[in-house]
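Work through the exercises below with the structure open beside you. Try each task before reading its solution.

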Amino acid sequence: MPNSYFSKDKVIHSPDFTPFTVSWKSPSNIALVKYWGKHGRQLPTNPSISFTLSEAHTTIEMSCELKDDSENQPSLNFFFEGEKKPNFEKRIQSFLNSVSDIFPFLRQLQLNIHSSNSFPHSSGIASSASSMSALALALCDAEKNLFGEDERSSFFQKVSYVSRLASGSACRSVYPVAALWGFSRELNSSSDEYAVPVLDHLHPVFHNFKDTILVLSDQAKAVSSSAGHSLMEVHPFAKTRFELANKNLAQLLPALKKGDLETMGKIVENEALMLHALMLTSNPNYILFEPATIAVIKKVRAFRADTGIPVWFTLDAGPNVHLLYPSEEALKVDSFIEDQLLPHCIPGKSIFDSCGQGPEKLNS
Ligand code: DP6
């Protein structure tokens with residue numbers, strides 16, 4: 001259906017227009033099998049799967065008025081946490097321009113966007129998944145307001161498609177609990193163009209799985225994810241990486257179905273370390289983890305070996321550690337985190353998160 005996402009007809013008939021506002025809350029997500037490498041217009045080089053989070057989210061409010069100038073591009077005023085942010089505004093303006101083949105009516109509008117994150121500013125927590133999925137939700141909802149529901153495709157599939165164009169990982173944030181993005185022979189409905197929900201393929205133990213995000217550094221990343229994806233185009237291990245990601249996904253899906261925590265944990269840690277191994281071996285190479293990252297990983301492994309409690313780590317493209325564990329173990333794991341791991345963290349920035357229900361429409 002992505003072909004039906006493009007439309008020349010969706011233009012506003014001015015006399016019928018009434019200004020309106022749409023508001024959404026959209027979560028971040030944490031990948032279990034990582035997306036690392038892309039081609040074409042934001043297409044992934046391998047399939048990835050993630051848990052949808054709950055506490056780490058972006059809230060967006062977008063008001064739409066008819067604009068009075070005749071410029072052929074959307075007009076934007078963008079505020080982040082109450083302040084005008086020229087850099088963010090520029091990025092969003094160029095994204096809006098790039099999707100005006102999908103949303104031609106945007107060229108007729110003045111958009112005022114207010115966006116804010118639930119997590120502290122410069123906490124090193126990647127915000128593009130929540131912020132770009134929130135933006136895609138606002139755009140698709142505005143389209144629905146103006147032209148009604150598109151019966152040929154599902155609302156959230158289109159949101160996922162549009163989110164992907166803004167930031168790959170964002171396309172996985174739009175479904176409850178977990179999502180898979182990228183074609184995989186393991187799942188017929190999967191696609192490179194949008195993520196699909198995988199809640200039905202999950203054992204109930206994962207429905208409220210915990211993800212505690214340990215913020216070990218709040219410095220800006222030395223190398224952006226976009227640059228990291230590009231380096232995969234000429235990476236000496238790229239072919240092997242893409243094969244292994246497919247293999248890891250093929251083994252992870254049955255483990256997620258059965259509730260096989262051991263297999264899940266091994267794959268998730270392998271994926272995290274492989275992601276950073278790819279950075280260490282790219283040309284130019286770079287290091288995003290910190291001494292504290294290794295210290296925390298070692299303590300987690302020792303705690304698991306000593307207690308038999310199922311808790312595993314994963315990493316994003318940065319130094320922070322995500323700890324994944326069943327909610328039944330939260331009492332014991334949380335007290336281990338407080339006693340042994342929080343001393344490595346930036347005070348007040350870590351988040352005790354868990355799998356969540358996906359985006360939420362707010363009253364405008
Ligand atoms: C390491 O989605 O941030 O978090 O598509 O360029 O916006 P762009 O990249 P982005 O890459 C995220 C990579 C990752 C792994 C993952 O989330 O799968």
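The model is predicted, so local features need pLDDT of at least 70 and side-chain atom pairs count only at pLDDT 80 or more, while totals for chains, interfaces and linings use all residues. Residues are numbered from 1 along each chain as its sequence is written, and side-chain values use heavy atoms, with hydrogens and water left out.

**Exercise 1.** Describe how domain 1 and domain 2 meet.

Step 1. Take the bounds from an automatic or database domain assignment: domain 1 covers 3–200 and domain 2 covers 208–354.

Step 2. Locate the centres over C-alpha atoms; they are 26 Å apart.

Step 3. Count contacts (heavy atoms within 4.5 Å): 31 residues of domain 1 touch 44 residues of domain 2.

Step 4. Find the buried area, which is the accessible area (1.4 Å probe) that two parts lose on being put together, summed over both. The two domains bury about 3,000 Å², with 69% of it on carbon and sulfur atoms. On the domain 1 side, Leu32, Lys34 and Trp36 lose the most area to domain 2, together 27% of what that side buries.

**Exercise 2.** Find the salt bridges of the structure.

Step 1. Apply the rule: a side-chain nitrogen of Lys or Arg within 4 Å of a carboxyl oxygen of Asp or Glu.

Step 2. Lysine 25 is in strand β1 (residues 20–33) and glutamate 360 in strand β14 (residues 360–362), so the pair links parts of the chain 335 residues apart (strands are DSSP runs of E, at least two residues, and helices are runs of H or I, at least four, numbered from the N terminus).

**Exercise 3.** Which helices each supply at least two residues of the lining of the largest cavity?

Step 1. On a 1 Å grid over the protein atoms alone, a cavity is a set of points where a 1.4 Å probe fits but cannot get out, and lining residues have an atom within 4 Å of a point.

Step 2. The helices are α2 (128–147) and α3 (155–166); α2 gives the largest share, 3 residues.

Step 3. Among the lining residues are Lys10, Cys140 and Phe155.

**Exercise 4.** Locate two backbone details, at proline 284 and glutamine 42.

Step 1. A cis peptide bond, with omega about 0°, joins asparagine 283 and proline 284. Proline 284 lies in the loop between α6 (261–280) and α7 (291–307).

Step 2. Glutamine 42 has a positive phi, near 65°, and sits in the loop between β2 (38–39) and β3 (43–44).

Conventions:
1 Å grid on protein atoms, 1.4 Å probe; cavity = no way out; pocket = protein on both sides within 12 Å on 5 of 7 lines; lining within 4 Å.
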